[in-house]
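Thanks for coming, everyone. I have one structure to walk through today. Please take a look at it first.

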Amino acid sequence: MCISIPRIYIIYSKVIEEEIFKRKELIRLLRAEGLSERIVRRRIAMTVLPSLVSQLASYYALMLQLQVFIEPIVGSPGLGYMLLTGIIECDIPLVVASFTLIGILSVLVVAVGYLVSGLLGPRLRNEWHES
């Protein structure tokens, strides 16, 4: 259950491109103030980081859900393989427990991702402290 480094880079660069498109005026202002390109990139990266973390959390939750289909094809023993075996053998408690576990893990991964992105984002962090 691992995302490859090129996939993370593609997600990261896509999010950065969208953020740069949204914040062209900010980038122009930062460059006009005489800040170096490195500092401008760092400011944009810190702006993008919360949305990147939440997207990665969503991808991890999706991978948890897709393991049900991938593990039996590959033949590796795991939760997906056990779930398929339970379906074939009509073991209803095993099937229900497997789906419940996958659902709970998916919700936990997404919740942790959103909490971390909230802690990383200064705007979200300030909104939490005000309310």
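**Around S98 and along the fold**

Start with S98. Leaving out residues up to four places away in sequence, S98 touches L79, M82 and L83. Contact here means heavy atoms within 4.5 Å. S98 sits in helix α5, residues 92-120. Helices (H or I, at least four residues) and strands (E, at least two) are DSSP runs, numbered from the N terminus. S98 counts as buried because its relative accessible area is 2%. The classes are these: buried is under 20% relative accessible area, exposed is over 50%, and partly exposed is in between, with a 1.4 Å probe and protein chains only.

Now the ground rules. This is a predicted model, where local features need pLDDT of at least 70, side-chain atom pairs count only at pLDDT 80 or more, and totals for chains, interfaces and linings use all residues. Residues are numbered from 1 along each chain as its sequence is written, and side-chain values use heavy atoms, with hydrogens and water left out.

Next, L83, one of the residues that S98 touches. L83 is in helix α4, residues 79-88. Buried or exposed, at 0% relative accessibility? L83 counts as buried. Setting aside neighbours within four places in sequence, its contacts are V68, V95, S98 and F99. From L83 to E71 the C-alpha distance is 9.9 Å, and the two are 12 residues apart along the chain.

Further along α5 comes another serine. S106 lies in that helix. S106 is buried too, since its relative accessible area is 5%. Which residues does S106 contact, leaving aside neighbours within four places in sequence? The answer is A61, L64 and Q65. The S106 side chain also has a polar atom 2.8 Å from the backbone oxygen of I102. For a polar contact, the cut-off is a pair of N or O atoms within 3.5 Å; within protein, one must be able to donate a hydrogen and the other to accept it, and residues adjacent in sequence count only if both atoms are side-chain atoms.

A61 comes up again with L108. L108 is in α5, and at 48% relative accessibility it counts as partly exposed. L108 and A61 are 47 residues apart in sequence, yet their C-alpha atoms are 8.6 Å apart in space.

Now the loop between α4 and α5. C90 is there. Its phi is near 55°, a positive value in a residue other than glycine. C90 is exposed, with 62% relative accessible area.

On to the surface. L62, L66, F69, I70, I73 and V74 form a nonpolar patch, with about 640 Å² of accessible area together. Patch residues have over 30% relative accessible area and no salt bridge; like charges are joined within 9 Å, and nonpolar side chains (Val, Leu, Ile, Met, Phe, Trp, Tyr) within 5 Å. A salt bridge is a side-chain nitrogen of Lys or Arg within 4 Å of a carboxyl oxygen of Asp or Glu.

Zooming out. The protein has six helices and zero strands. Of its 131 residues, 26% are buried. Of the contacts with a separation of 6 or more, 59% join residues 24 or more positions apart. Accessible surface comes to about 9200 Å², and carbon and sulfur atoms hold 68% of that. Those areas come from the Shrake-Rupley method with a 1.4 Å probe; for residues, only the protein chains shown count as cover.

Last, confidence. pLDDT is the predictor's confidence in each residue, from 0 to 100. The mean is 77, and 75% of residues reach 70 or more. Where pLDDT is low, the predicted coordinates should not be read in detail.
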